[in-house]
Amino acid sequence: MDQNTGNPLLPGWFADPTIKKYNGIYYIYATTDNEMLASGAPTVWYSKDFSNWYNYTMEIPSLESVNLRNFWAPDIIHAKDGKYYLYFGNCQAGCNIYGYVSENPTGPWEKLHEDDTPVIKHGYPTEGFPSLDAQFFTDDDGQIYAHWGTWVHYNKGYAVGQLDNTRMDQMFDPAKIPLDQTPAPFEAPYMMKKGEKYILMYSGGSCHDESYNVRYSFAESPYGPFTEGDNNPVLSTNSDGSVHGPGHHSILEEDGDYYIVYHRHDYPMTRGGMARQVAIDKMIFENDSTIKKVNPGHGKMKDLIKVSDVPDDLAFNTKTTASSHYYLNSLEYDYEYRPEFATDKNNATMWKAENNQYPQYLEVDLGEEKHIERIMTNFEFASYYYQYVIKYSLDGEKWKIFADRSSNRVPGSPMIDDNDIEARYLKLEILGTEKTGLLASVWNFQVFNSKFDIPLQLENRASENSPAPISQRKKLIDINFGNIELNDSKRSIKNSGSLGGFFKVEDNVKLKELKGERFFDFNGGKLVFSEPVPEVLNWNGSFTVATWVKNPKVSNQGEFLASWCNRNKIGLANTYNAMVYNSGPYGAAAHLDGHFDMSFNEVPEANEWHYLVLTFDGVVEKMYVDGKLDNSQVMLLSSAIEDAKIIIGASDIGENFTGQMASFGMYDYALNNHEILKSMNKYRPNELISDK
């Protein structure tokens, strides 16, 4: 049988994994990554054979004060009362650890405290201490300990305490572990015991880049004092960079062997390091207090594979074609998301369509007619639904329906479709997604000649959300200030773009005149659009913002040219987008976090006219200056447009542009280089001759 147990272990964006084994089934609880600062749905992966993994979105009651969104670094305890206790971090009402209980390891879950009292509260045990990344350890005598802490180098060490073993909902005897006992810490403590030694493992460096690593110290007690272990860091970025930024781990012990389960960054790497995947490698002890350096890799953990009734994948390494595929060409990367990546059984690779237009298709040629009863598809995002149809054919010309999910609203990974047919060719036609701007993309497309048992009979709940709108490739906003008719009494400007409407001129914005043209001088003012921000710009929606501007003095902050998101609606990185012209770290594009913002590589010269264009195609954000690519970064956005306005010349909280603007255009797709040059020449301003 074919088995895919190489790294990454899971097909999707997940981080901070906790691995457990209950009743012969493996479970991986993890942070759902690559959206809203790793604030995706609370999901668990499970497998009986350590080869085929299935995803389930858990039902967890929300907090009363805020709609539960963060599900960070979960851990779970199977307690002496037979129940399962789930703990995770959340920073929406202070950085706390909350607790839930269930009769089953996948829920449904009930709150330990109906009034949302945290199990480990923010500021415990010391004022200001963020209670995150809690991991629980049960000692030989049955006492349960917790170790927690993040941004530890700022907060004077990790914390340790004991959990009430009966109620499972409160801590006692907390203490801080001095920084010098865990050198170079960052976050994610993990306690285990080897012989009589207590091993406190933790992550160092920065989770955003290649410096992230795993380290350890050891002691005679869960409270310490701890002594730094040898061979630190025991897990780190490898020499060729193919394992990049590994960290935040848990340990699986199986038949006397130890395995470290951790996350690492994707390739090409998404800016900020928030597109992470779960991996596993063997960890070896030299003695009870010494861990050897882990050799991170991409191969299979063959000794973990169990006997399985899953047959061979008929699509493995077969001829695979597609309607299109994405070519990532940026300042840093030259990479293709090729069709054959969907049938290579490698969770590090995927097929991705050229753009976020639909429909898109993936076609597989099995080489000869074969009997088919089941098809499993791992789409890029496990917790959002995709709408699709699977067709089959004997000759590649006449097609019949294998599975019709054109109205699907149920998420999952893999999506499992059954039938009983004979075919040589299969075609997956993807019609749309739940979230705006997501491209048609598939980690794995697997085909089987028989049905087989799935370890747990779990079914995800259907989403109430309508399918996302698709880009119409239109120019939404079109203002050539040289052609406007400004009515001083109404102070409004008509939009010639597809959205219609008008811009209200607010505060200090003056009209000035060019040879045959006009432009606006911004000095504390702004233009505010009359219509709501269109849904096509929501979430990961593609866009282009293009403008001729002149900034008399380029400062190192502020100077917002355009904004179209509500920074306070969600308040997390990548939920906010704005185009900027300053010399600071968010000089080209602002996303509310220095790990994600984009600066200019070469700041455009002050007091000169420049054509600035910011584009995003659903994968890469690019800034062009005068028709040339200046900077780029791989991104995934979670744009919050609810209650937002399209604003020209300022941010949503009034960070104003203090220069001149001769034209402004906004599109619901990313312009290419040729289109940018054409637009630049069309709207090029003339020399300033007088004020009006």
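Me: Which residues do ring pairs link into a cluster with Tyr-267?

Reply: In this predicted model, the cluster consists of Tyr-267, Tyr-326, Tyr-333, Tyr-335, Tyr-337 and Phe-341, linked by ring pairs.

Me: What charged end sits over the ring of Tyr-337?

Reply: That's Lys-352, with its charged end 5.4 Å from the centre of the Tyr-337 ring.

Me: And what lies over the face of Trp-539?

Reply: Another lysine, Lys-435, at 3.9 Å from the ring centre of Trp-539.

Me: Back to aromatics. How many aromatic pairs does the structure hold?

Reply: There are 38 aromatic pairs. One of them is Tyr-145 with Tyr-223, an edge-to-face pair with 6.1 Å centre to centre and 80° between the planes.

Me: Where do Tyr-145 and Tyr-223 sit in the chain?

Reply: Tyr-145 is in strand 10 (residues 144-148), while Tyr-223 is in the loop between strand 15 (213-219) and strand 16 (227-228). They're 78 residues apart, so the pair links distant parts of the chain.

Me: Is Tyr-145 buried or exposed?

Reply: Buried, because its relative accessibility is 10% and the cut-off for buried is under 20%. Tyr-223 comes out partly exposed, at a relative accessible area of 26%.

Me: What about Phe-543 and Phe-616, why does that pair count as tilted?

Reply: Because their planes are at 35°, which falls between the under 30 degrees of stacked and the over 60 of edge-to-face. The ring centres are 5.9 Å apart.

Me: Which strands hold Phe-543 and Phe-616?

Reply: Phe-543 lies in strand 37 (residues 543-550) and Phe-616 in strand 41 (residues 609-616), so the pair ties together parts that are 73 residues apart in sequence. Both Phe-543 and Phe-616 are buried.

Me: OK, switching to pockets. What's the volume of the largest pocket?

Reply: About 1,600 Å³. Its lining has 47 residues, and those nearest the centre are Asn-67, Tyr-384, Glu-434, Lys-435 and Asn-465. Lys-435 is also the residue that lies over the face of Trp-539.

Me: How does the lining of the largest pocket split by class?

Reply: You get 21 nonpolar, 14 polar and 12 charged residues.

Me: How many cavities of 30 Å³ or more are there?

Reply: Six. Of the 16 residues lining the second largest cavity, Asn-356, Gly-437, Pro-469, Ile-470 and Ser-471 are the closest to its centre. By class, that lining has six nonpolar, eight polar and two charged residues.

Me: Now strands. How many residues of strand 17 are buried?

Reply: Seven of the eight residues in strand 17 (residues 247-254) are buried, so the strand is largely enclosed by the rest of the structure.

Me: How is strand 17 joined to strand 18?

Reply: Six bridges join strand 17 to strand 18 (residues 257-265), and the two run antiparallel. Leu-252 stands opposite Tyr-259 in strand 18. The two strands form a hairpin with two residues between them, and Asp-255 in the turn has a positive phi of about 55°.

Me: What order do the strands take in the open sheet of four?

Reply: The order is 5-6-7-8, with antiparallel pairing.

Me: Which strands stand at the edges there?

Reply: Strand 5 (72-78) and strand 8 (110-111). Each has a single partner strand, so one side of each is left without a neighbour in the sheet.

Me: How many bridges join strand 7 to strand 8?

Reply: Two bridges join strand 7 (residues 96-102) to strand 8. For Val-101, the bridge partner in strand 8 is Glu-110.

Key
Residues numbered from 1 in each chain as written. Predicted model: local features only at pLDDT ≥ 70, side-chain atom pairs only at ≥ 80, totals over all residues. Heavy atoms only, no water. 1 Å grid on protein atoms, 1.4 Å probe; cavity = no way out; pocket = protein on both sides within 12 Å on 5 of 7 lines; lining within 4 Å. Points joined across faces, edges and corners; volume = space filled by probe spheres on them. Nonpolar A, V, L, I, M, F, W, Y, C, P; charged D, E, K, R; others polar. Pairing = 2+ DSSP bridges. Phe/Tyr/Trp six-rings, centres within 6.5 Å; stacked < 30°, edge-to-face > 60°. Buried < 20%, exposed > 50% of the residue type's maximum accessible area, 1.4 Å probe, protein only. Lys NZ or Arg CZ within 6 Å of the ring centre and 35° of its normal.
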